[in-house]
Amino acid sequence: MAIGLGIAYVLNTITINTIAISLLSQECWNCNRVKLEFQYLDEDGEIINEIVEIIHASRSSHVQEHVSLIQQNQERIYQNVSDGVQVWNRREELFPNLEFCDAVRRQLEYIRTGQLELQPVVSILFELHKCSKNWNNGYFNLDGYPIEKSGESKPTLDKYFKERTFYCPDGKERLFERHVKLRFCNWRIHFFAEQPGIVIIGYIGRHLPTVKYRT
C-alpha cells in the first residue's frame, strides 16, 4: 500500500508546485516516476483498476530532472490566485480561450482560500484552455491531456437535461453534456466546445444528479 503516493496522483500534485517524495530506503524508490495500481469506483459503482504514473523523487537529481516541468507549472500556478473570486476576476487573463457562463461566477465564489478544490479546478481549467488554444478543426479531443473526461448516458440526459442546460454569454442556452471529473472529490466541470478556439464553461461544482445517483 502506498496511500501517500495515491493521494499525490489523485490530487495531481505536480500542478501545485510539489512532487511526491520518497525516502531512498529501497532501490524501487530510486526513480523519477513511479507506477501505481490505482483502484476506484466509477459512476456506475464498478471497480476500475488502472496502472498510473506519478511524478516522483527520492534524490536531488530526480528533482533536477523535473525542473522544466516545475518551472512551467510555476508560471501558471496562477500568480497568487488564492480563491475562486480571483479565478473569476482574472478569467480573461488566465484562460483567454475559455468563456464562462454567468452562473459559474457564483459557483467559483464559494471556493475559499485553502479549499482543496481550488488548485485542481484551476489546473483543469488551464488544461481545457490549452486544449482549446490548440484546437484548430474537427472534434474537440482531450486525449493526451491529464484530465478525466466523460459524457452522460441517454437516460440521465432524458431525465436531467434541464440541470445541464446553462445560459451562455451569447444569450443562448446550451446542453452541457461533456464534463471533467475531479478525482479526489465529487466535483465536475461541465464544458461545451463551441468552435475551434472557444470552449464554454457552464458549471463547476458538485456532481449533478443522474439516474443512478441523485448527487
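Student: Which residues does R188 touch, leaving out residues up to four places away in sequence?
Tutor: The model is predicted, so keep that in mind. R188 touches E43, H179, V180, K181, L182, Y203, I204, G205 and H207.

Student: And where does R188 lie?
Tutor: In strand β9, residues 187-195.

Student: Is R188 buried or exposed?
Tutor: Buried. Its relative accessibility is 7%, and the cut-off for buried is under 20%.

Student: Switching to F140. Where is that one found?
Tutor: In a loop. F140 sits between α7 (118-134) and β5 (148-150).

Student: What does F140 touch, not counting residues up to four places away in sequence?
Tutor: L128, C131, S132, W135, R178, F191, A193 and V199. L128, C131 and S132 carry numbers inside the α7 range, 118-134.

Student: How far apart are F140 and P96 in space?
Tutor: 17 Å, C-alpha to C-alpha. In sequence they are 44 residues apart.

Student: Back to α7. How many of its residues are buried?
Tutor: 14 of 17, so α7 is largely enclosed by the rest of the structure.

Student: What does α7 reach, first C-alpha to last?
Tutor: 25 Å. That is close to the 24 Å expected at 1.5 Å a residue.

Student: New topic, α1. Which of its residues are buried?
Tutor: L5, G6, A8, Y9 and V10, in a helix that covers residues 3-10.

Student: What covers them?
Tutor: The cover includes β1 (20-21), β2 (33-41) and β3 (47-57).

Student: And I3, buried or exposed?
Tutor: Exposed. I3 is found in helix α1, and its relative accessibility is 58%. The cut-off for exposed is over 50%.

Student: Which residues make the nonpolar surface patch of about 420 Å²?
Tutor: M1, I3 and I7. So the exposed I3 is part of that patch.

Student: Last stop, β2 and β3. How many bridges join them?
Tutor: 9, and the two strands run antiparallel.

Student: What stands opposite E37 there?
Tutor: I51, in β3.

Student: How many residues are between the strands of that hairpin?
Tutor: There are 5. In this hairpin G45 takes a positive phi near 80°.

Technical notes:
Residues are numbered from 1 along each chain as its sequence is written. This is a predicted model: local features need pLDDT of at least 70, side-chain atom pairs count only at pLDDT 80 or more; totals for chains, interfaces and linings use all residues. Side-chain values use heavy atoms; hydrogens and water are left out. Helices (H or I, at least four residues) and strands (E, at least two) are DSSP runs, numbered from the N terminus. Contact means heavy atoms within 4.5 Å. Buried means under 20% relative accessible area, exposed over 50%, partly exposed in between (1.4 Å probe, protein chains only). Patches are made of residues with over 30% relative accessible area and no salt bridge: like charges are joined within 9 Å, nonpolar side chains (Val, Leu, Ile, Met, Phe, Trp, Tyr) within 5 Å. Accessible areas come from the Shrake-Rupley method with a 1.4 Å probe; for residues, only the protein chains shown count as cover. A salt bridge is a side-chain nitrogen of Lys or Arg within 4 Å of a carboxyl oxygen of Asp or Glu. The expected span of a helix is 1.5 Å times one less than its number of residues. Two strands pair if DSSP finds at least two bridges between them.
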